[in-house]
Amino acid sequence: MCRITVVIPTYNCLSYLPKAIESVLKQDHENIELIVVNDNSDDGTAEYLERLVMRDTRVTVITTEGVGVSSARNLGIKKASGEYIAFLDSDDSWHDGKLQAQISMHQLNPELGMSFTNYDHLTESNQKLVDCFSYWSQFQGCDEQAKVLDDPLNVIFSNNLIGTSTVMMKKSVFKKTGLFDTELKYAEDWQLWLKVCECFDVAVIPEVYVSYLIRDGSITQTDENKLNNLESIENIIARYKERNSLITSKSISKAEARLSEEYADYYRAKGNKAKTLLFGFRSFFLEPKHRRVISFLGKIKK
C-alpha cells in the first residue's frame, strides 16, 4: 500500500486543529504519515501536539518560528516520506473516504500529477452554505466519480476552483514545479496549481470530501490585506498573459471577470460607489452571467 503524507500547517488554531487531525487519522487508507508544522503558536498547540505524538506514531511535529504558511507547507513537503502528499489547513476537515477516493484515481491514472475534490463552505456554527462547484456552476453535469480534465491549465486559470485542503499530489511533481512561492503573500497555492497544470494531468472528483470553514476573523480577508490579495491575483494573471500562449483569450476574460467582481465587492464594502460600479460593469462585460448580474444588483440595492 502506497504511503501518503499529509501536511497541516498551523498557527494558533487549537480550537479547530483536533478536528482536522482526527479527520486525517480516521481515514480508511492506513499507510498515512501526518506532519503538523506548528508555526510559533502560543495557544497551547505545542502541548496538545506533544501529547498526540506520544499516542500516535503516525504523527510528526515540526516547530518553526513564524515562517508563514507557504514556508511551513514547504518544510512539510521536504520532510515527507510518502509517494503522495495531501494538504489540509488546520481549520478545515476531511470527510471519510477522501484519501482512498483520490489514491484510487491516481493508481488508475499513473500520469496524474494532482487531483482535487469538491468542498463545502461552512460557517463557524457548522452551517453549510454552499459547495464550491455548485456556486461556480462547474462540473455539474459530470456523472463520473472522477474525471481527468481535458485542458486543466485553462480550466484552473479561468476559475481557481481548487481548495488547498482538497489537493493530493505526487511528491515527484515538485521536482519539476518547485515548491510554494514564499515571496507571494497570497494566491501562492493557485500559482502552484497552474504550474502543475502546465506539466501534468490533473483530475477532479466532483463529490464533496472537505469542509472548508469560513472564519469571521480570517487574517487574509481583513480590509488591510484584501486589496493586496487582489493585486497578487492580478499580477499572476498578468504574468500568464505575457508569457503563456497556452492560455486562451476566453480563459483570460473569465479570470479577469472574476477578479473584477471581487474588486467590486471590496469597493462596495469600502463605500466607494464609483469603483463598485466600474468593476461591476467590467465584470459583466468580460463574462456576462446571470448569477453575477443578480448578485451584483442585490449588493448595489443594499
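**Arg73 is buried, at a relative accessible area of 4%.** Buried here means under 20% relative accessible area, exposed means over 50%, and partly exposed is anything in between, worked out with a 1.4 Å probe on protein chains only. The model you're looking at is predicted, so local features need pLDDT of at least 70 and side-chain atom pairs count only at pLDDT 80 or more, while totals for chains, interfaces and linings use all residues. Residues are numbered from 1 along each chain as its sequence is written, and side-chain values use heavy atoms, with hydrogens and water left out. Arg73 belongs to helix H3, which covers residues 69-79. Helices (H or I, at least four residues) and strands (E, at least two) are DSSP runs, counted up from the N terminus. The Arg73 side chain makes a polar contact of 2.8 Å with the side chain of Asp89. A polar contact is a pair of N or O atoms within 3.5 Å; within protein, one has to be able to donate a hydrogen and the other to accept it, and residues adjacent in sequence count only if both atoms are side-chain atoms. Leaving aside residues up to four places away in sequence, Arg73 touches Val7, Pro9, Phe87, Asp89, Thr164, Phe180 and Glu188. Touching, or contact, means heavy atoms within 4.5 Å.

**Stepping back to H3, its buried residues are Ser70, Ala72, Arg73, Asn74, Gly76 and Ile77.** What lies over them? Their cover includes strands E1 (4-10), E2 and E4 (84-87), along with helices H7 (174-177) and H8 (188-199). As a rule, an α-helix has 3.6 residues a turn, so residues three or four places apart point the same way.

**Glu33 sits in strand E2, which runs over residues 32-39.** Is Glu33 buried or exposed? With 9% relative accessibility, Glu33 counts as buried. Its side chain joins the side chain of Thr5 in a polar contact of 2.5 Å. For a sense of scale, Val67 is 34 residues from Glu33 in sequence, and the two C-alpha atoms are 22 Å apart.

**Helices H1 (residues 17-25) and H2 (residues 45-55) pack at about 25 degrees, their axes 12 Å apart.** The axes are lines fitted to C-alpha atoms, for helices over the stretch in contact, and the angles run from 0 to 180 degrees between N-to-C directions. H1 and H2 are therefore roughly parallel to each other. Angles under 35 degrees count that way, over 145 as roughly antiparallel, 65 to 115 as roughly perpendicular and the rest as oblique. The two cross in a right-handed way; that label is used if the near helix is turned clockwise from the far one by less than a right angle, and left-handed if anticlockwise. Which residues make the contact? From H1 come Leu17, Pro18, Ile21 and Leu25, and from H2 come Thr45, Tyr48, Leu49 and Leu52. Seven of these are nonpolar, one is polar and none is charged. Ala, Val, Leu, Ile, Met, Phe, Trp, Tyr, Cys and Pro count as nonpolar, Asp, Glu, Lys and Arg as charged, and the others, Gly among them, as polar.

**Helices H10 (residues 249-269) and H11 (residues 273-286) pack at about 160 degrees, with axes 8 Å apart.** That makes H10 and H11 roughly antiparallel to each other. H10 goes past H11 in a left-handed crossing. On the H10 side, the contact is made by Ser253, Glu256, Ala257, Ser260, Glu261, Tyr263, Ala264, Tyr267 and Arg268; H11 brings in Lys275, Thr276, Phe279, Gly280, Arg282, Ser283 and Leu286. The classes here are six nonpolar, five polar and five charged residues.

**Lys275, in helix H11, gets its own view.** This lysine is partly exposed, at a relative accessible area of 36%. Tyr135 is 140 residues away along the chain, and the C-alpha atoms of Lys275 and Tyr135 are separated by 25 Å.

**Asn12 is in the loop between E1 and H1.** At 25% relative accessibility, Asn12 is partly exposed. Asn126 is another residue other than glycine with a positive phi, near 65 degrees, and its place is the loop between strands E6 (112-122) and E7 (128-131).

**His121 is in strand E6.** With 16% relative accessibility, His121 is buried. Setting aside residues up to four places away in sequence, His121 touches Gln127, Lys128, Leu129, Val130, Asp131, Cys132, Tyr212 and Ile214.
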